[in-house]
Amino acid sequence: MVTGSVVSRWLPGLGDELRPFSRSNLIAGLTVTAYLVPQVMAYAIIAGLSPVTGLWAALVAIPLYAILGTSRWLSFGPESSVAVMAAAVIVPLVAAGGTTSANAAAALALAVGVVGLLASLLRLSFVADLLSRPILVGYMAGIAVLMIDSQIDRVLGAITPDSETVFEHLWFLVSSHPQWPAILTAVVVLVALFLISRTRIKAFGPLLALTLGVVVAAVLNAINQPVLLLGEIPAGLPTPAVPSVPAGALPELLLAALGVLLVAYADATLTGRSFHRAGDPPLLPNTELRALALVNVAAGLFRGMPVSTSGSRSAVARATGATSQGYSIAAALFLALVLLVAGPLLEVVPQAALGALVIYAAILLIDVEGFRRLWRFRRSEFWLAIVTTAGVLVFGVLYGVLVAVGLSVLLLLVEVARPHSAVLGFVPDLAGMHDITDFSHAREEPGLLIFRYDSPLFFANADNFLIRAREAMRERMPGLQWFALQCEAIIEIDSTGVDAVQALADEVEAAGIRFTLVRAKSELVETLAKTPLVAQIGEEYIFPTLPTLVGAYRARNVSGPDASAG
C-alpha cells in the first residue's frame, strides 16, 4: 500500500492508462513527431546549438514527463521562450572561454533542474502565479521579437556584426547585402506555413513547408544560386555525460537558471490549465514543478538543452485523437527512429527554411487579440504589457524576466494598497445590506455606520484604511452613535494593520462613539485578542452577522454619549 502511494506520488503518469500502442495514441504520436522534428531543430538553432541538440533534448523530455507529470496532454521539449533565454546565457559563457555551446546548454539545463528541485522541496510553486496575464502577454511579445531578430541573418543570407540589442542588430541590417536565394527560400516556407495552417493537415505544416524549402534550395543550388544548408548532423542516440563549466561562471549560471525556471514553469502552468478538462486527473502544482525539474536534469545529462512545455504540440496531440500520455511514449519511439536513420535527410534542410519556421512560430506568439482585450478592459494593464515588452527588448531576456516579476509584484501591491471600501445600508426589496454607492435609493441605519474594507490589512494599506474610515466617520458627524468595522474581507492582518485598527478604535471612542466589529473570522479575533483591543471593545460588541449587529443597535436604542461610549 505504501509502495503504491509512493509510485502514485512520484510517477503519477503510471496511474493513467498509457496505452502507447493504441491506434489513437500511435497516430497522435506520429503526428506530434512530424510536427516537433523541424520545430525543435529550429529552437536549438535559436540557442546557437546544433539542431541535433534539440532532438536529443526532446527525446529525453517527452517520455519522462509522461510518467512524472499530472497532465494528460502536455508535450515537453525545447520551446521558443526557453531557447531565447538559453541563448542569452550560452553566448557570454562561450565568449568567456572554458566551455563549448553544447556543454553550456547542457549545464544550464542541469542547473534549471537543480534549482527546480530545490524550489519543489521548499514548495515554491506559487511563485509562477506572480506573472499576471498582462505581464505574460507583454513578455511573450518581447520574446517573439527577439526570436525574429535571431533569425534575420539566416533569412536574409547576410552576416551582421555582433550587437547587444535588437535595435543595434536592425541598424546594421540596413547596410547589409541580403542574398535573394535565401530570401526566396524563406518566403516560400513562410507562405506555405500560413497556407497550410488553414487546412485540415495543418499538424504536418512544418514538415511539409520544410520539404518544400528543401526542394527550392535544391533547384537554386542546381542553377548556381547557393543556399546554405544545415550540413552534417550526428546520427544516433545521445549518451549520458556530466556537463561542466568554469567555477567562476556558476553564479551567473544559477541566476540564469532561476529565470529560465520561472518562465518555463509559468508557461507549463498556464498551458496545463488551458488544456485541463472535467474528468482529467487534477493538476498538482508542486508535482508539475518537480516534473519540470527532473526533465531538465535528464536533458542536461543527455547532452540536451533546457526544456519546457509546448502548447502547439499539446494541441496537435489532442486534435489528432490522443487519449493519454501514451502518445508521448509513441512520439519518443518515432523520434528515436528519426535520429537513427534520418540524419542524411535532415542535413539538406536550408538554414533559411528553419529561420522562416522560427519567425512563423514567433508571429504566433504575439497575442494581438490579447493586447486588444487589455486595451478594452483596462488601459493600465495594456500599458503594463507594453512596458514589459519594452523591458525584454531593452534590458535583454534575463533581466526582462526580473522586470516582469517586479512589475507583477508592484501591480499586486498597488491593488492591495488602494482597495475598494464601502459603507453599507439597506436597499428596498433586496435582502441583506449593500454598498450604498451601488444603489441610488439605498439608506443607512440612522446613527450606525457600517464600514467595510475590501482587503487584508497590512503595512501597505494601513494608512489608506485610516484615511477612508476617518472620511466616512467625518461625513456622518454629528449624530453618529456606533461605528461598525465589517471585517469579512480582512482575512489577514499584520502588526501595522493591528495598530491601525487600534488607532481607529481610540479615535472613535474619544469622539463618544461605540466601536464594534462585525463578521470577524475567528482567526482575526484570536489575533486581536493578543492585544488590548478586544478587551477594550468588549466581546459583546463583536457580532457574527450584520442582522445581529443591527438588532443589538436597535435594541439598545442608542441615543447619547453615555450609552454609546459605555
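This is a predicted model: local features need pLDDT of at least 70, side-chain atom pairs count only at pLDDT 80 or more; totals for chains, interfaces and linings use all residues.

**Exercise 1.** Work out how helix H5 and helix H11 are oriented to each other.

*Solution.* Start with the two stretches: H5 covers residues 101-121 and H11 covers residues 285-301. Their axes come within 7 Å and cross at roughly 155°. Angles over 145 degrees count as roughly antiparallel, so H5 and H11 are roughly antiparallel to each other. As for handedness, their crossing is left-handed.

**Exercise 2.** Find residues that H5 and H11 bring into contact, and sort the contact by class.

*Solution.* On the H5 side, look for residues including Ala 106, Leu 110, Gly 113 and Leu 117. Among their partners in H11 are Leu 289, Ala 293, Val 297 and Gly 300. By class, the contact of H5 with H11 has 13 nonpolar, six polar and one charged residues.

**Exercise 3.** Describe the second largest pocket and its lining.

*Solution.* Begin with the volume, which is about 790 Å³. Next, count the lining: 27 residues, of which Met 140, Asp 267, Gly 311, Leu 364 and Leu 365 are the closest to the pocket's centre. Elements that each give two or more residues include helix H2 (23-46), helix H6 (133-156) and strand S2 (308-310). Finally, the lining divides into 15 nonpolar, eight polar and four charged residues.

**Exercise 4.** Which residues line the second largest cavity?

*Solution.* This cavity has a volume of about 30 Å³. Its lining is made of Leu 485, Cys 487, Ile 490, Ile 493, Val 501, Leu 524 and Leu 528. Sorted by class, that gives seven nonpolar, no polar and no charged residues.

Notes: Residues are numbered from 1 along each chain as its sequence is written. Side-chain values use heavy atoms; hydrogens and water are left out. Axes are lines fitted to C-alpha atoms, for helices over the stretch in contact, and angles run from 0 to 180 degrees between N-to-C directions. Helices (H or I, at least four residues) and strands (E, at least two) are DSSP runs, numbered from the N terminus. Angles under 35 degrees count as roughly parallel, over 145 as roughly antiparallel, 65 to 115 as roughly perpendicular and the rest as oblique. A crossing is left-handed if the near helix is turned anticlockwise from the far one by less than a right angle, and right-handed if clockwise. Contact means heavy atoms within 4.5 Å. Ala, Val, Leu, Ile, Met, Phe, Trp, Tyr, Cys and Pro count as nonpolar, Asp, Glu, Lys and Arg as charged, and the others, Gly among them, as polar. On a 1 Å grid over the protein atoms alone, a cavity is a set of points where a 1.4 Å probe fits but cannot get out, and a pocket is an open set with protein on both sides within 12 Å along at least five of seven lines; lining residues have an atom within 4 Å of a point. Grid points are joined across faces, edges and corners, and a volume is the space filled by probe spheres set on the points.
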